[in-house]
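Q: Hey, I'm new to this one. Can you walk me through a few spots?

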Amino acid sequence: MTQEQIRANVEAQRKIMEKLIDLDPRRENAAKIVNNADWLDKLGFIEVLRDVGKHFSVNAMIQRDSVRERLHNREQGISYTEFSYMLLQAYDFLHLHRELGCSVQMAGSDQYGNIVSGIDLIHRALGHEREVYGITAPLLMKADGKKIGKTESGAIWLSADRTSPYAFYQYWINVEDSDVVSFLKWFTFLDEPAIAALADEHARAPESRAAHRALAREVTRTIHGESELAKVELATKALFEGDVRSLPEDMLRDVFADVPHSQHDKNLLSGAGASLVDVLAETTLANSKREARQFLQAGAVLVNGTKAGADSRLTSEQLLHGHTILLKRGKKLWHATQWK
């Protein structure tokens with residue numbers, strides 16, 4: 001990447017991290033974001049070989065899990081650039097310890113070997129009396145053994161432009177029952193007695209989904225704030241009860257982003273309006289006009305949350321924000337009709 005791309009990425013991530021970590025330089029003991037290019041770019045190749053490379057055994061480097069896996073599982077092997085990454089990360093730890101007094105490096109367990117390399121380099125370069133440590137956490141796994149990460153299907157993002165607050169909330173409220181208690185421990189700041197109480201309630205009455213609601217509420221509040229949490233809870237309630245007319249336009253778009261859509265001619269809504277039977281037959285809610293009539297006669301169809309009659313028609317007055325009419329059949333089946 002170019003330096004401009006890197007700076008843009010750092011600034012985008014800073015906005016997320018500011019919600020979790022104090023980065024205000026005016027505050028005592030505030031966190032710092034540093035760029036290792038500031039010191040790595042100044043190093044010469046001979047300097048790295050002389051001051052860093054001499055402390056590393058190739059035999060030991062090859063035994064690291066990160067290197068051994070690449071050597072065995074990739075037809076192309078491993079590039080010298082990838083192989084040298086361990087040296088760069090080790091040197092980062094040395095530099096941060098020497099210049100900023102950093103004594104602990106934290107990472108996922110897949111970085112264990114690189115952290116140990118940094119500790120070894122510090123001891124060799126500055127003396128074994130230096131107290132430096134590594135803390136690793138296991139990679140996040142769901143109960144089914146699959147990794148939680150950006151390369152997996154259904155990944156969620158911390159930035160609202162990648163995953164809307166509503167979709168973010170829904171992710172947590174719909175996690176598997178077998179994961180919810182672990183996720184409460186990992187992703188929230190609820191204390192142990194509170195989590196234990198939720199775990200007990202979940203064991204007694206999993207259908208109440210109290211643990212799921214607590215998880216979704218806590219994580220969404222942490223990442224998106226109290227005001228966004230209030231909005232998504234309102235949207236969730238509206239969706240459950242079927243009364244969607246009060247939803248703001250942006251929330252309406254987020255809530256129904258994943259439901260089936262269809263496009264219709266807005267001119268059909270003028271005058272007497274469009275026959276709901278005809279429209280239903282053009283959606284995913286009915287396979288034919290005959291089936292649409294049966295659903296309407298049974299009172300199974302709602303228009304914007306209001307039960308429709310057998311002879312109902314759609315008019316421009318029913319448009320939400322001037323372009324959408326939401327249809328629902330039964331308890332869960334939604335279809336968004338877009339009128340242009």
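Q: How does Leu 49 count in terms of accessibility: buried, exposed or partly exposed?
A: This is a predicted model, and in it Leu 49 has 39% relative accessibility, so this residue counts as partly exposed. The cut-offs are under 20% for buried and over 50% for exposed, with partly exposed in between.

Q: Okay, and which helix is Leu 49 found in?
A: Leu 49 belongs to helix α3, which covers residues 45-51.

Q: Which residues form the nonpolar patch on the surface?
A: That patch is made of Phe 45, Ile 46, Leu 49 and Tyr 80. Together they have about 470 Å² of accessible area.

Q: Where does the largest share of the patch come from?
A: From helix α3, which supplies three residues.

Q: Switching topic: why is strand β9 largely enclosed by the rest of the structure?
A: Strand β9 spans residues 333-339, and six of its seven residues are buried, so the rest of the structure largely encloses it.

Q: Which way does β3 run with β9, parallel or antiparallel?
A: Parallel: four bridges join β3 (residues 261-264) to β9. As one example, Ser 262 has Thr 337 in β9 as its bridge partner.

Q: And how many bridges are there between β8 and β9?
A: Six, and that pairing is antiparallel, with β8 covering residues 324-329. Leu 326, for instance, is partnered with Ala 336 in β9.

Q: What do β8 and β9 form, and what's in the turn?
A: They make a hairpin with three residues between the strands. Gly 330 sits in the turn and has a positive phi of about 70 degrees.

Technical notes:
Residues numbered from 1 in each chain as written. Predicted model: local features only at pLDDT ≥ 70, side-chain atom pairs only at ≥ 80, totals over all residues. Heavy atoms only, no water. Buried < 20%, exposed > 50% of the residue type's maximum accessible area, 1.4 Å probe, protein only. Helix = DSSP H or I, 4+ residues; strand = E, 2+ residues; numbered from the N terminus. Pairing = 2+ DSSP bridges. Patch = residues over 30% accessible without salt bridge, like charges linked within 9 Å, V, L, I, M, F, W, Y side chains within 5 Å. Areas by Shrake-Rupley, 256 points an atom, 1.4 Å probe, with all protein chains shown as cover. Salt bridge = Lys/Arg side-chain N within 4 Å of Asp/Glu carboxyl O.
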